[in-house]
Amino acid sequence: MIKAIDAHIHLDMYMETDATTLLAELAECHIEGLIAVSRHLDSCKATERLLMQAPEQVFAAYGYHPEQEIPTDNQLNELIQWIRERSSTMVAVGEIGLPYYMRLDAEAEGRAFELAPYFALLERFLKLAASLDKPVVLHAVYEDADIVCDLLEKHGIKKAHFHWFKGSHSTVERMIQADYYISITPDVLYEEEIRTLVREYPIALLMVETDGPWPFEGPFEGQQTHPRMIHAVVEQIAFLKGLPMEEAALKLLNNTKQFYGIPSPHLF
């Protein structure tokens with residue numbers, strides 16, 4: 001079986017014992033690495049501890065997830081300084097983006113939602129990524145993705161990974177033209193929207209992820225999300241693209257290694 005990399009997982013959100021068990025199981029599950037993203041400073045520190053526990057398997061991304069309250073100026077400055085000091089041991093800035101689901105909830109409840117501070121927060125992290133010459137891991141779906149594309153162009157950032165992306169055909173075309181990557185989750189086994197996206201998006205710009213510990217439905221109903229699930233994702237991508245399983249698996253693996261600058265000695 002071709003090895004695989006889980007291109008987006010919140011490893012710090014698992015219980016510590018579960019995370020330790022998960023890491024110990026990776027080799028037997030033919031999982032060679034994890035891109036472990038972060039949500040805030042404490043999350044970043046937890047991700048760093050996991051990186052130190054398994055440096056050959058965990059590849060860290062540090063950032064501030066947009067689906068939460070805006071940090072204070074002091075909190076933000078402390079986080080950015082912390083990230084700068086670890087630029088040599090991280091593979092990307094992330095997870096960053098815009099608060100699509102928080103905004104929907106506020107609108108559904110008739111509450112005002114001020115988006116401008118989130119634009120400013122995202123720009124701060126895009127500038128950080130540009131200054132560190134790091135890729136960005138993005139939480140940006142539907143109409144938010146077009147706004148983020150504008151900001152990526154504004155700041156000259158070429159290496160962008162939109163995780164668990166969903167959006168219109170026009171947005172998809174724009175992202176393909178810009179060579180932005182997306183990653184596919186286990187819901188490709190049962191969500192037609194995601195299956196259509198896989199058919200449209202070039203395999204040269206695809207990766208696979210779990211977004212664990214987020215739970216899934218279909219054949220994964222009731223299971224704790226585990227990186228081994230991405231083998232089923234790879235199989236579905238191969239089917240939807242009409243490719244042999246091994247060819248698709250190798251391409252998806254190499255896409256992830258190239259995007260995140262993961263050297264081959266870690267993986268073989």
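The following is a conversation about a predicted model of a protein structure.

User: What is a disulfide, in general?
Analyst: It is a covalent bond between the sulfur atoms of two cysteines.

User: And Cys 29 and Cys 44, are they buried or exposed?
Analyst: Cys 29 is buried, as its relative accessible area is 12%. Cys 44 is buried as well, with a value of 0%.

User: Switching to the backbone: what kind of peptide bond runs from Gly 94 to Glu 95?
Analyst: That peptide bond is cis, and its omega is near 20°. Glu 95 belongs to strand 4, which covers residues 90-97.

User: And what about the bond from Gly 212 to Pro 213?
Analyst: The bond from Gly 212 to Pro 213 is cis, with omega near 10°. Pro 213 sits in the loop between strand 8 (206-208) and helix 9 (230-241).

User: What is the phi of Tyr 142?
Analyst: Tyr 142 has a positive phi of about 50°, although it is not a glycine. Its place is in the loop between strand 5 (136-139) and helix 6 (143-154).

User: Why does Tyr 142 count as partly exposed?
Analyst: Tyr 142 counts as partly exposed because its relative accessible area is 25%, and that class lies between the limits of 20% and 50%.

User: What about Trp 164, where is that?
Analyst: Trp 164 lies in the loop between strand 6 (160-163) and helix 7 (169-177). Trp 164 has a positive phi of about 40° and is not a glycine. At 14% relative accessibility, Trp 164 is buried.

User: New topic, the surface. Which residues gather in a patch of negative charge?
Analyst: The patch is formed by Glu 191, Glu 193, Glu 217 and Glu 221. Glu 193 is in helix 8, residues 192-200, and is partly exposed at 38% relative accessibility.

User: Now Asp 73: buried or exposed?
Analyst: Asp 73 is exposed, because its relative accessibility of 61% is over the 50% limit. Asp 73 is located in helix 3 (residues 73-84).

User: How far apart are Asp 73 and Val 136?
Analyst: Their C-alpha atoms are separated by 22 Å, and the two residues are 63 residues apart along the chain.

User: Last one: where is Leu 252?
Analyst: Leu 252 is in helix 10, which spans residues 245-260. Leu 252 is buried, with a relative accessible area of 3%.

Definitions and conventions
Residues numbered from 1 in each chain as written. Predicted model: local features only at pLDDT ≥ 70, side-chain atom pairs only at ≥ 80, totals over all residues. Heavy atoms only, no water. Helix = DSSP H or I, 4+ residues; strand = E, 2+ residues; numbered from the N terminus. Buried < 20%, exposed > 50% of the residue type's maximum accessible area, 1.4 Å probe, protein only. Patch = residues over 30% accessible without salt bridge, like charges linked within 9 Å, V, L, I, M, F, W, Y side chains within 5 Å. Areas by Shrake-Rupley, 256 points an atom, 1.4 Å probe, with all protein chains shown as cover. Salt bridge = Lys/Arg side-chain N within 4 Å of Asp/Glu carboxyl O. Lys, Arg positive; Asp, Glu negative; His and termini not counted. Charge placed at Lys NZ, Arg CZ, Asp CG, Glu CD.
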